[in-house]
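Here are my notes for your first look at this protein. Keep the model open beside you and find each place as you read.

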Amino acid sequence: MNPIRIVQPPITYNNKLTQQKNNETAKTQFQDLLNEAQQKLKISKHASQRITQRNINISDVEWNKIEEKMQVAKSKGLNESLFLTQNAALIINVKNAIVVTALDRTEAGNQVFTNIDSAILI
């Protein structure tokens, strides 16, 4: 008669749990990158040309302030906003985070802005 052998299953680690945690971490990292990319302000070709033509200088500090205020405007449901800095007036499509056009501050004083739903002072 053959003796009965007890065979234990191989020891495994909870791979499903580890995989699930890795997937969640990857999703979180991707979501963070996506949110960061969406927050970045883009400059349209037209606005870029206007900034160059009109010799408008906006510092990194001002761009950061503009981006911060744009997020506030976005959270309030605004669409097209006039952003006024010391040197420039920018029309920004808040919904898509795109600078649509740019004017220097003296030129902006002679204009009437239409189709905007807010003005933001920087």
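1. Start with Asn-115, which is found in the loop between H4 and S5. Helices (H or I, at least four residues) and strands (E, at least two) are DSSP runs, numbered from the N terminus. The phi of Asn-115 is near 60°, a positive value in a residue other than glycine. Is Asn-115 buried or exposed? With 71% relative accessibility, Asn-115 counts as exposed; buried means under 20% relative accessible area, exposed over 50%, and partly exposed in between (1.4 Å probe, protein chains only).

2. A word on what you are looking at: this is a predicted model, in which local features need pLDDT of at least 70 and side-chain atom pairs count only at pLDDT 80 or more, while totals for chains, interfaces and linings use all residues. Residues are numbered from 1 along each chain as its sequence is written, and side-chain values use heavy atoms, with hydrogens and water left out.

3. Now the overall plan. The protein has four helices and five strands, and along the sequence they follow the pattern α-β-α-α-β-β-β-α-β. Of the 122 residues, 27% are buried. The protein exposes about 9300 Å², and carbon and sulfur atoms supply 51% of that area (Shrake-Rupley method with a 1.4 Å probe; for residues, only the protein chains shown count as cover). Among contacts with a separation of 6 or more, 56% are between residues 24 or more positions apart; a contact means heavy atoms within 4.5 Å.

4. Next, the sheet. In what order do the five strands lie? They form an open sheet in the order S1-S4-S3-S2-S5, and the pairing is mixed. S1 and S5 (118-121) stand at the edges with a single partner strand each, so one side of each has no neighbour in the sheet. Two strands count as paired if DSSP finds at least two bridges between them.

5. Look at two of these pairings in turn. S3 (residues 88-93) and S4 run antiparallel and are joined by six bridges. One place to check is Leu-90, whose bridge partner in S4 is Ala-102. S3 and S4 form a hairpin with four residues between them, and Ala-97 in the turn has a positive phi of about 55°. S1 and S4, by contrast, pair in the parallel sense over two bridges, and Lys-42 stands opposite Ile-98 in S4.

6. Which residues of H2 are buried? They are Ala-47, Arg-50 and Ile-51. Seen down the axis of H2, these residues fall within an arc of 100°, so they line one face of the helix; the arc is that of the directions from the helix axis to the C-beta atoms. As background, an α-helix has 3.6 residues a turn, so residues three or four places apart point the same way. On the other side of H2, Lys-45, Thr-52 and Gln-53 are exposed. The buried residues of H2 pack against S1 (42-43) and S4 (98-104).

7. Then follow the chain out of that helix. H2 is followed by Asn-55, which lies in the loop between H2 and H3. Asn-55 counts as exposed, at 59% relative accessibility.

8. The structure holds one salt bridge, meaning a side-chain nitrogen of Lys or Arg within 4 Å of a carboxyl oxygen of Asp or Glu. Which side chains meet in this salt bridge? They are those of Glu-107 and Arg-54, at 3.0 Å from N to O. The pair links distant parts of the chain, 53 residues apart: Glu-107 is in H4 (residues 105-108), while Arg-54 is in the loop between H2 (45-53) and H3 (60-75). Glu-107 is partly exposed, with a relative accessible area of 25%, and Arg-54 also counts as partly exposed, at 26% relative accessibility.
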